[in-house]
Amino acid sequence: MYYDKLRTEMVNDQLKTRGITNEYVIESFEKVKRELFVPENLKNMAYNDSPLPIGFKQTISQPYIVAIMTQLLNPEKENIVLEVGTGSGYQAAILSYLVKRIYSMERIRELRIEAQNNIKKHNIKNVFFIQGDGTIGASQYEPFDRIIVTAASPKVPQILVDQLSDNGIMIIPVGNINLQFLKKVEKKDGEIIITDYDACRFVPLIGKNGF
Ligand code: SAM
């Protein structure tokens, strides 16, 4: 009950007032219990307007950032999605109600296992976990209708663009270690269109095509 109230307040005060208008995205935020994705000792901060540490120098992103990235991704019911950077599994849980299937990649084994447990608590069945370097994507499951990268990237990895289907959309924070901008990469009839959005600060993407 206590967390339900905090969740409603988060959706109203942090998302709706800042331009999150996609009703399906909002519904998904109303469903997912963020308190189940943060460490036990930080549960009372689960609905704070900030990222939180999840161990291994990694974070669960601020609710608004998860929301704006999800909205920019323009998820559709039949979409197959690649997420790079599973972290706590919260972003994957939000997407699980909006698309058909998600492949979520994480390089740190312990976080992948923890995220898998978190997702199980919600009885979500359409998120599949891959442990490995997401900067090279997951060619065994391509093409992806949507790709979401939730760690800071020095560039838009070409291999991820290659794994995007035609009419596909990728959202990725690109910049240096200290500051990035969310980029929307759209593939239309083989042509690539890139649009810049909000400034943000993510933990670094570490791997072959990352930092
Ligand atoms: N989406 C997550 C959530 O909802 O909790 C937050 C992601 S956290 C900001 C970034 C994650 O990306 C970290 O868990 C980190 O270990 C992971 N990461 C960094 N480089 C990676 C790579 N090359 N492949 C896969 N995961 C990576």
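1. A polar side-chain atom of Ser88 lies 2.6 Å from an oxygen atom of the ligand; a polar contact here is a pair of N or O atoms within 3.5 Å. The protein covers 99% of the 610 Å² of accessible area that the ligand has on its own, with areas computed by the Shrake-Rupley method and a 1.4 Å probe.

2. The model is predicted: local features need pLDDT of at least 70, side-chain atom pairs count only at pLDDT 80 or more, and totals for chains, interfaces and linings use all residues. Residues are numbered from 1 along each chain as its sequence is written, and side-chain values use heavy atoms, without hydrogens and water.

3. A polar backbone atom of Gly134 is 2.8 Å from a ligand nitrogen atom, and an N or O atom in the side chain of Thr150 is 3.1 Å from a nitrogen atom of the ligand.

4. The largest nonpolar core has 46 residues. Such a core is a set of buried Ala, Val, Leu, Ile, Met, Phe, Trp, Tyr and Cys residues joined through side-chain atoms within 4.5 Å, where buried means under 20% relative accessible area (1.4 Å probe, protein chains only). Among the members that touch the most others are Phe29 and Tyr90. The helix α3 (63-73) is one of the contributing elements, and α3 gives the most, with 8 residues; helices are DSSP runs of H or I, at least four residues, numbered from the N terminus.

5. Beyond its neighbours within four places in sequence, Tyr90 is in contact (heavy atoms within 4.5 Å) with Met10, Phe29, Val32, Arg34, Phe37, Ile60 and Val66.

Technical notes:
Buried means under 20% relative accessible area, exposed over 50%, partly exposed in between (1.4 Å probe, protein chains only). Helices (H or I, at least four residues) and strands (E, at least two) are DSSP runs, numbered from the N terminus. A polar contact is a pair of N or O atoms within 3.5 Å; within protein, one must be able to donate a hydrogen and the other to accept it, and residues adjacent in sequence count only if both atoms are side-chain atoms.
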